[in-house]
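Reader: Could you walk me through this model before I set anything up?
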Amino acid sequence: MRIAWGAALAASVSLLLAGCASTGAPTSSAPNAQSPLQAGLVKEVTGAGAFTHLEELQRIADQNGGNRATPSPGYDASVDYVARVLREAGYEVSTPTFTFERDGGPQGSARNVIAQTRTGNAEHVVFAGAHLDSVPEGPGINDNGSGVASLLEIATRLGGSPQVANAVRFGFWGLEEEDLNGSTAYVEGLSRAERDKIGLYLNVDMVSSPNAGYFVQAGEESESESDSPPESSAVSRVLTDQLGNTGINPQLVGFDGGSDFVPFVDARIPTLGVMTGDAGTKSPKQAEQWGGRAGEVFDKCYHQSCDRLDNIDRPALDRFSDALAGSLAHFASSAEVPAQR
Ligand code: ZN
C-alpha cells in the first residue's frame, strides 16, 4: 500500500521535474511555478511568525531552570504549549506517552505531540516532525526550538481543515537528545497498516544556526546510499526548488548523524530532512555560496546555555519556514496521488 502511494508521489515529482528540465540549467534563481495552495501558504508563513513561538519557548525555559530537556517541567510546559497552539488552530491533537530507560536508573515516561488535519485523505499522510526537547545544558532555541517554531507557524497558517488532497500530520518528539526515544517509540508503535499510510516524512532539526548552512538530507552522497528509503532523493527536489525560491542553493547530504529521521528511514518510509548545521565548520566555498563566516562553526552555541533567542539567524528561519511551507503544500495537494492508488 505504501509502495503505491510512494510511487505516486515519485510520479508527481517526475511531472514537476519534467516541467523545468528543458532549460537544462539550475533554476535556483528563477521562482518555480507554485500551486494556489503553495503560493498562499508561502506568502502567509513568515519567519517573524515563527519567532513568536521561539519567544514563548525561551520564556518556558527561563521559567523552568533554563532548559526544556525530557523529562523536566520545561519539557512538559513545551508539550502543553505546542498542543494548545495546534488545538486552537483546529487540528486533531494527541499527546501519546512513551517510556524510556536510563543506564541503571528507573524507567521514565514523557509525551510526544501529534496533530493531524481534519481534511485530506487520511490513508495518504504527509508527515513533518521536529524534536521538542532541549539538552539539559540550555534552552535549545536553535536546537530545536527553530524546527518546532517553523512547523507551528506553518501549521497555524495552514489550519486544521485546509483544502488538501492528502492529510497533513505534524509530530513533536520528546527525548531526541538521548537516543531518539520519542520518535523511535512512535514509529515502532505503529502497526504495519498505519506505517503504510505515511507517504513521506520530513524532519526539521535546527533551521536557524547563527552561521547558517543550508543542508537537505536525502540519502544522496551518503556512504550508505543503498540504505536510503525509495523516493527520498526524488522528493528532495521539491524542497531544493522551494529553497531556490528563497535564493538559496542547498547542499544535498546523506542521513549521517542522528536525528528523528532515523526510525522513519529504518521503516523504509520516504524521508528527507533539513538543517543549518551544528558543530561542523563552514568551508570557504560554503561561505561564498551562502554568506557567513568561513572557518567558523555553524552554531557556536550548539548544546550550550547560550543557545538562546539571540542565537537565531532570522534570514535562515525565514527561508526555511517558506521552503518547508511550499514543500508541504506541494505534497499535500498532489492531485496525482489519490488518482493513482
Ligand atoms: Zn537537534
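Predicted model: local features only at pLDDT ≥ 70, side-chain atom pairs only at ≥ 80, totals over all residues.
Author: Here is a walk through the metal site first, and then the strands around it.

Reader: OK, on to the metal: which atoms coordinate the zinc ion?
Author: The zinc ion is coordinated by NE2 of H131, by an OD atom of D143 and by two entries for OD of D205, at 2.0 to 2.7 Å. Along the sequence, the donor residues follow the spacing H-x11-D-x61-D.

Reader: And what are the angles among the donor atoms like?
Author: The angles among the 4 donor atoms run from 51 to 150°, and the site is classed as irregular.

Reader: Where do D143 and D205 lie?
Author: D143 lies in helix α5, residues 141-158, while D205 is in the loop between β7 (198-204) and β8 (215-217), so the pair ties together parts of the chain that are 62 residues apart in sequence.

Reader: Are those two buried or exposed?
Author: Both D143 and D205 are buried.

Reader: Switching to E177, where does it lie, and what does it touch?
Author: E177 lies in the loop that runs between β6 (166-173) and α6 (181-188). Leaving aside residues up to four places away in sequence, E177 touches H131, D133, S134, V135, D143 and H303. Two of those residues, H131 and D143, also coordinate the zinc ion.

Reader: How far apart are the C-alpha atoms of E177 and D143?
Author: Their C-alpha atoms are separated by 9.8 Å, with the two residues 34 apart along the chain.

Reader: What polar contact does the side chain of E177 make, and how exposed is E177?
Author: The side chain of E177 makes a polar contact with the side chain of H303, at 3.1 Å. E177 is partly exposed, with a relative accessible area of 24%.

Reader: Now the strands, please: how covered is β5, and what does it pair with?
Author: Strand β5, residues 121-131, is mostly covered, with 8 of its 11 residues buried. β5 runs parallel to β6, joined to it by 8 bridges, and A130 has F172 in β6 as its bridge partner. Between these two strands the chain passes through α5, and this β-α-β crossover is right-handed. β5 also pairs with β7 in the parallel sense over 5 bridges, where F127 is partnered with Y201 and G129 with N203.

Reader: How many residues of β7 are buried, and which strand pairs with it over 4 bridges?
Author: β7 is mostly covered, with 7 of its 7 residues buried. β7 pairs in the parallel sense with strand β10, residues 271-275, over 4 bridges, and V204 stands opposite V274 in β10.

Definitions and conventions
Residues numbered from 1 in each chain as written. Heavy atoms only, no water. Donors = N, O, S within 2.8 Å, 3.2 Å for Na, K, Ca; no water. Tetrahedral: all angles 85-135°; square planar, octahedral: opposite > 155°, others 65-115°. Buried < 20%, exposed > 50% of the residue type's maximum accessible area, 1.4 Å probe, protein only. Contact = heavy atoms within 4.5 Å. Polar contact = N/O pair within 3.5 Å; in protein donor to acceptor, adjacent residues only side chain to side chain. Pairing = 2+ DSSP bridges. Right-handed = clockwise from strand over helix to strand, strands pointing away.
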